[in-house]
Amino acid sequence: MTRYLAGRLLQSVFVLVGVTLLTFLLLYVLPADPAQMIAGRSATPETVQRIRSELGLDQPLPVQYVRYVSRLLHGDLGRSYAQKVEVAELLASRLGPTAILMLSGIGFELLMGLPAGVAAALRQGSRLDRLVMVLAFAGASAPQFAVGLLLLYTLAFRAGLFPLGGYGSWAHVVLPAFTLGIAGAGWYARVIRSSMIDVLGQEYVRTARAKGLPTRRVVHKHMLRNALIPVVSMVGLDIGTFMGGVVVVESVFGWPGIGQLAWQAIQIVDIPVILGVVTTSALAILLGNLLADICYPLLDPRIRYS
Amino acid sequence: MSDTMSVQVHVAPRTPVDRPMATLTGRSPWSRVWRDPTAMAGLLVVAAVAITALLAPVLAPYDPSAQHPDGLTADGRPLPPSGRFLLGTDLLGRDLLSRMVYGARVSLMVGVVANGAAVGIGALLGIVAGYAGGWAGALFMRLTDLMMAFPALVLAIALAAILRPSLWIVALVIGLVNWVWVARVVYSQTLSLARKEFVEAARALGAAASRILFRHLLPHLVPTLLVWGTLGISTTVLFEASLSFLGVGVRPPTPSWGGIINESQSYFLDAPWLVAFPGAAILLTSLSFNLVGDALRDALDPRRGERP
């Protein structure tokens, strides 16, 4: 197990280096001049040139990249071009809100997706099953920004149940998390349904039934545990993608998370911040997958890493 | 089942085709789609959107960029749905229905082109890497790992924002971000196909690699590509709408569904129809491609065809 995980970690380091390299190349090859952006439209060429050399942007690309990586390895993500603040500081201030949104979003996904999917699997082919499946697709097909805005309109503005966006109390969390949950729940319902159906055909389930165990117990003890394995990998994936910032939802609800930071940085081509966000986000995705790997053997002792 | 299971638990991508599929058998796969009411409903909506996009100039009641003098209230607010403007007007007094009819063009064009690009890139890389195997296969797997660790939307937004995109650029950006899922599926299918006897036979007969790839292997992958070609459009439509909503999609004045919502965002509490109608159009289009793709997958995969 330790060896397997060490191997995975090593692999992750390579992926991370690849991600920074690719982002770096993309940002510098593209026709956007950060020095010009910082200086503003009316700046003289001299000012732009001065900013460029201050930021080291006049150096050859490989030199810039090597500098960036060596600083990165020392935990230094650089400074934001726009706000003269350390990128690490900016990211740190956004991690909390993003983590809250991630956890509550996944909570909603599981809360809505799992019961619906299990119920559909147990009555396979019934009307309920078909309804759940169409709803699952609808959830996954709904544009999050429209869902978010309409939730704000109905539940926050008309009904006055929740604040109109922003960050602070628990009431602020509900609508953005629910918006995230609607989309994800559909996928969870589909996955748990098909893995429950797979488990349904297994011998041990037949045995459990034959020896007269009540259905409830068969479902809970014998089926769910086995059917949950693909769900665990989905949660791992979601931890990663949500921690990388959910740009659309954060922008609709004015949620001060990593997604909003990314969005603001992109608009002004604040390269150190964009690189920081992309690296954090790739790191989160890798860690999320690793976490899922660690969880499989806990759920199913038959899975061993050798 | 043996006592140690494989540790590779495959995570279904968000539009999954996670099982290998057999080739087309007997009846046309469409016959199954005809008999499935939800798939039929999906097919009808897809057809309706396609016709709307094609015949936009005929179907739209007004010019989509015409600012009607009577399209705003006396104090300059957009009009709710009425007999004159069926879905109401937007902040500039333009007819929402006409803008949405033209918006279908952007949605469908980007959906089809971007997803086509993703499926094309994915199929080509997947089949070549799968057939070559060895270090090429290993390199391919690391490349896909890398792509999967990339925050797709952030990457697309950055590219789109910097490139100031046209419809084609948006489509290309989405294609470049989305190919990896198709590639993985094609890769694993090619790996197992390449070990089959008919491939060996072809090789023994002296067939060139390109001939084996495209004449012998590719036909077996057609069902997979067909399913992805349909299912993937629903993701792409959503992706395009998100980019347009953030203001980095197809640029105004070209109307797009996500773009309409972006323009009305500051005013949506007073004019919720400007969010609800385009939002519903996006949902319906994306949902329909999902339903059709799902039915196609059931039809093309005999292993999953046992459902009552």
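**View 1. Helices α8(A) and α11(A) are roughly antiparallel to each other, because angles over 145 degrees count as such.** In this predicted model, the pair is helix α8 (residues 170-200) of chain A and helix α11 (residues 229-243) of chain A, packed at an angle of about 155 degrees. Their axes are 9 Å apart, and the crossing of α8(A) and α11(A) is right-handed.

**View 2. Here are the residues where α8(A) meets α11(A).** From α8(A), look for A:Gly184, A:Trp187, A:Tyr188, A:Val191, A:Ile192 and A:Ser195. Facing them from α11(A) are A:Pro230, A:Val231, A:Met234 and A:Asp238. By class, the contact of α8(A) with α11(A) holds 7 nonpolar, 2 polar and 1 charged residues.

**View 3. Chain B meets chain A through 43 residues of chain B and 49 residues of chain A.** On the side of chain B that touches chain A, at least two residues each come from α5 (134-149), α6 (152-163), α9 (209-245) and α11 (273-300) of chain B. The largest share of that side, 9 residues, belongs to α11(B). The side of chain B that touches chain A divides into 32 nonpolar, 7 polar and 4 charged residues.

**View 4. The largest nonpolar core has 165 residues.** Which of its residues touch the most other members? They are A:Ala262, A:Ile274, B:Ala156, B:Ile157 and B:Val182. Helix α4 (residues 96-132) of chain B gives the most to this core, with 16 residues.

**View 5. A closer look at A:Ile274 shows its contacts.** Leaving aside residues up to four places away in sequence, A:Ile274 touches A:Leu27, A:Ala262, A:Ala265, A:Ile266 and, from chain B, B:Ala158.

Note on methods. Residues numbered from 1 in each chain as written. Chains lettered and ligands numbered in written order. Predicted model: local features only at pLDDT ≥ 70, side-chain atom pairs only at ≥ 80, totals over all residues. Core = buried A, V, L, I, M, F, W, Y, C linked by C-beta atoms within 7 Å. Buried ≥ 20, exposed ≤ 12 C-beta atoms within 10 Å, placed from the backbone. Helix = DSSP H or I, 4+ residues; strand = E, 2+ residues; numbered from the N terminus. Contact = placed C-beta atoms within 7 Å. Nonpolar A, V, L, I, M, F, W, Y, C, P; charged D, E, K, R; others polar. Axes fitted to C-alpha atoms, helices over the stretch in contact; angles between N-to-C directions. Parallel < 35°, antiparallel > 145°, perpendicular 65-115°, else oblique. Left-handed = near helix turned anticlockwise from the far one by under 90°.
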